[in-house]
Amino acid sequence: MTLDTKFVPAEMEARLYKQWEEGGYFKPGRKPNAKPFTIVIPPPNVTGSLHMGHALNNTIQDVLVRFERMRGRDVLWQPGTDHAGIATQMVVERLLAKENKTDRKTMGREAFLKRVWEWKEESGGIITQQLRRLGASCDWSRERFTMDEGLSKAVRKVFVQLYKEGLIYKDTRLVNWDPVFETAISDLEVETRETKGAMWSFAYPLVDGEIDGLKEIVISTTRPETMLGDGAVAVHPSDERYKNLVGKYVWLPIANRKIPIIADEYPDPEFGTGAVKITGAHDENDFHVAKRNNIPLIMLMDKKARMISTPENHVPERYNGVDRYKAREMVLAEIEELGFYRGKEEKMIPQPFGDRSNVVIEPMLTEQWYVNAGELAKPAIAAVKNGDTKFVPANWDKTYFEWMNNIQPWCISRQLWWGHQIPAWYGDDGKIYVEETEEHAQAAAGPNVKLTRDEDVLDTWFSSALWPFSTLGWPEQTPILKRHYKTDVLVTGFDIIFFWVARMMMMGLHFMDGEVPFETVYIHALVRDEKGQKMSKSKGNVIDPLELIDEFGADALRFTMAAMAAQGRDLKLAKSRVEGYRNFATKLWNAARFAEMNGVAKDENFDPVAARVTVNRWIAGEAARCRDLVTKAIEDHKYNEAASALYQFAWNVYCDWYVELIKPILTGTDETAKAETRACAAWAFEQILVLLHPFMPFITEELWSKTASRSGMLIDASWPTYIGLGDAAADAEMNWVIRLISEIRSVRAEMNVNAGAKIPCVIVGAAQEARMRTANWEAEIMRLARLSSLVFEDSVPPQSAQIPLDEATVALPLEGMIDFTAERARLNKELEKIAKDMGGIDGRLNNPGFVAKAPPEVLVESRELKAQLEEKKAKVLEALKRLG
RNA sequence: GGGCGGUUAGCUCAGCGGUAGAGCACUACGUUGACAUCGUAGUGGUCGUAGGUUCGAUCCCUAUACCGCCCA
């Protein structure tokens, strides 16, 4: 059981993870009488590989899950992946193009889908393997995929029910059309970006010649090519300039059509000429104007955003099949040639881009399926208002409400192949049959109707919205569903509050009898690079979490994530931070090696409450304090505070002081004290392992098994509860000793005393308590402060450096070793600091308002502080006097 | 235009009403058989700016500047 001198994370991590997983520790149901605790994972895309966002997200979930497991809850962390419609189809299409030089259309739907499934089987497991490397303790035996048979059944059932309730319907309106993927996408998948563009002005001549001195109306547009589809020119009803033109017509050049001049509230008279062209079929605002005024909607483009020439749209034949941007150039040239060109202004314009395809989205008039989100949002809003679901940090509910209150119909149909095909059939009788299966549809239609299934698939987020219950077996009423819905916490980033959180709320409430899908939504920050920039492949600033795991270990990465998870928006990741926590792991390893070398071993009979040695009583109290801090911090989702408490306790308290202070005991002759201290040191270290386990599961598990022979694994250990720990007298004594040693060290360094030199120390004016403490810790003080002697005397020896310590003065007779000018300077500096502190305190105490109004305990504290400062000041002055 | 964040040590960030903190970096010294992935000591901040509330403000309020995100 000897520990190696170095610790190598890689081997250990793989081995331990396997042991946990195969040991069934991640599975629920092991504590059937315990209260369940449930988290559903935000399902990563099957196409994905682990990035920093995943690392943060899953670290937090794993900390929670391991913590609650240790606290005795019956934990289910439900894992799975998302089929990610567009993303996956895109990946496989690219693969096809590369491999076989073919495309999905040539292959046909069936063959293509077969290929996607094959790809999923081959590559879909990458991300889940990577989650394992992070240490995520999900129950992999319950892994789900959004296109599993079970989940697909849930999707069909939800769709059919919502349709029959009138909450899903078909509608023809403008949608965001992605001309690369040739599908509609939802508003959320569109990203508006400011891009370089221009505003061109054209003249449309009046059909009736001159009216009110006007022969033409000048309109401006950022999209010249759409003029071919103009159905009207609109002006504001209050616009005097055009008052007598409303109801007249203009000639639309190129298309050679007559279009009316209409009055509508939409045009801004202050902007440009105050007249706008209305292209109802290709612009959202124009669409509404056209609807209001009964203006025809003229379709100009096909699914690839190429112009089409039809008898209906009057687009000249030469435009047929021309790309929209090429058509723009043609229109501009022709307008100029016709003499209707009226100038161009370069400007930045907002343009919609597809978040996946990265091309300009075209508003297109098509028939699509919609969810009446407004209706479903009502209970979802109420549930957050009344506290059934809480956002942490709480201010995110504002974002949630803001969006939910203004929610638009959700376009859920996609003209893709990869996804849940919509369970709707069209009969040759012209009717739509929405049923869970073709048999049901046929039954509904009757035997003589020929059915054709809707070709479209559903938005990926439709199935994700069902995740908290579909993964638990719904629509079957499984025991797991009963036990683990609603879930306890959802951990996710703010970027998918709308995409996912809001929709899960809607669907959960609707299909689970009004019960919310989760009690708490913990929203964490997004991981950015050191400079605060979003990590992206194109910027080349991506830090790969797996590389960090390779270099520093999963524990170090996890601890970094937790330590940086302070509630905020951004999390800028510096590699040095990960390195620092790797060092922390090394420190723990070495502390364990120290223990091993010094006979520090677990003693089943050791009871920290009964410890007699002061330093042991003290460390036990510190352990209890750390335990309380960590517990509270995790409960409050303040992972950084938990991490910081652990780091401090393990390194600054246990390693720096406790271990150093017990060395003389461990090598001493007091066998009783030695035995107790060995047992206590082992106990305290064990507390570190247990408390740290949720954050650093691997190294703690490894040390757990190597520092004692134990019956179970640490993952299965109980979160400690302590009764009767904490001893104020022991704390006071140890703190005094630590202060004494620190002060001597500080003076030594400042006086440039050779680090290796042992020096004498004389304590003057010590009260009984200080004398006792000194006696108790003589060996430790001498060792840690590098003293050759430690004695009490009645007066300060000549040529001493002097340290005031409460009522006593600690004198270091350093004749010949130090420069007394320097010592005087040091004491004067000390005096300055005291004076500064005093200034603050006096300012308060001399303020009648403070004395009258401050809480009594603050007043007492201030007075005590002043007394201490005064005592110290007197000592320093005395010391200066002695130096002459 | 609407909303939400941020501005604290050279860097990355905590703290958020009662004496300014951590890690990294930096400086000096390396003594102690766990650890140089370390130890000891130290340098470094008028807590964006201006008002206000308060006995007291980095912390609360108002305004303002700059940076960032989301929505239109």
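**Salt bridges in the predicted model**

A network of salt bridges links Glu68, Arg71, Arg73, Asp488 and Glu635. The structure is a predicted model, and a search of the whole of it finds 57 salt bridges.

Within the network, the side chains of Glu68 and Arg73 form a salt bridge with an N to O distance of 3.9 Å. This separation falls inside the 4 Å cut-off applied to a side-chain nitrogen of Lys or Arg and a carboxyl oxygen of Asp or Glu. Both partners were examined for burial. Glu68 has a relative accessible area of 7% and is therefore buried. Arg73, at 15% relative accessibility, also counts as buried, since the term applies to values under 20%.

A further salt bridge joins Asp62 to Arg558, with 2.7 Å between the closest N and O atoms. Asp62 belongs to helix α2 (residues 52-70) and Arg558 to helix α18 (residues 554-563), so this pair ties together parts that lie 496 residues apart in sequence. Asp62 and Arg558 are both buried.

Another salt bridge is found between the side chains of Glu769 and Arg773, where the N to O distance is 3.5 Å. These two residues lie in helix α25 (residues 768-776); because they are 4 residues apart there, about one helical turn separates them. Arg773 has a relative accessible area of 11% and is thus assigned as buried.

Methods
Residues numbered from 1 in each chain as written. Chains lettered and ligands numbered in written order. Predicted model: local features only at pLDDT ≥ 70, side-chain atom pairs only at ≥ 80, totals over all residues. Heavy atoms only, no water. Buried < 20%, exposed > 50% of the residue type's maximum accessible area, 1.4 Å probe, protein only.
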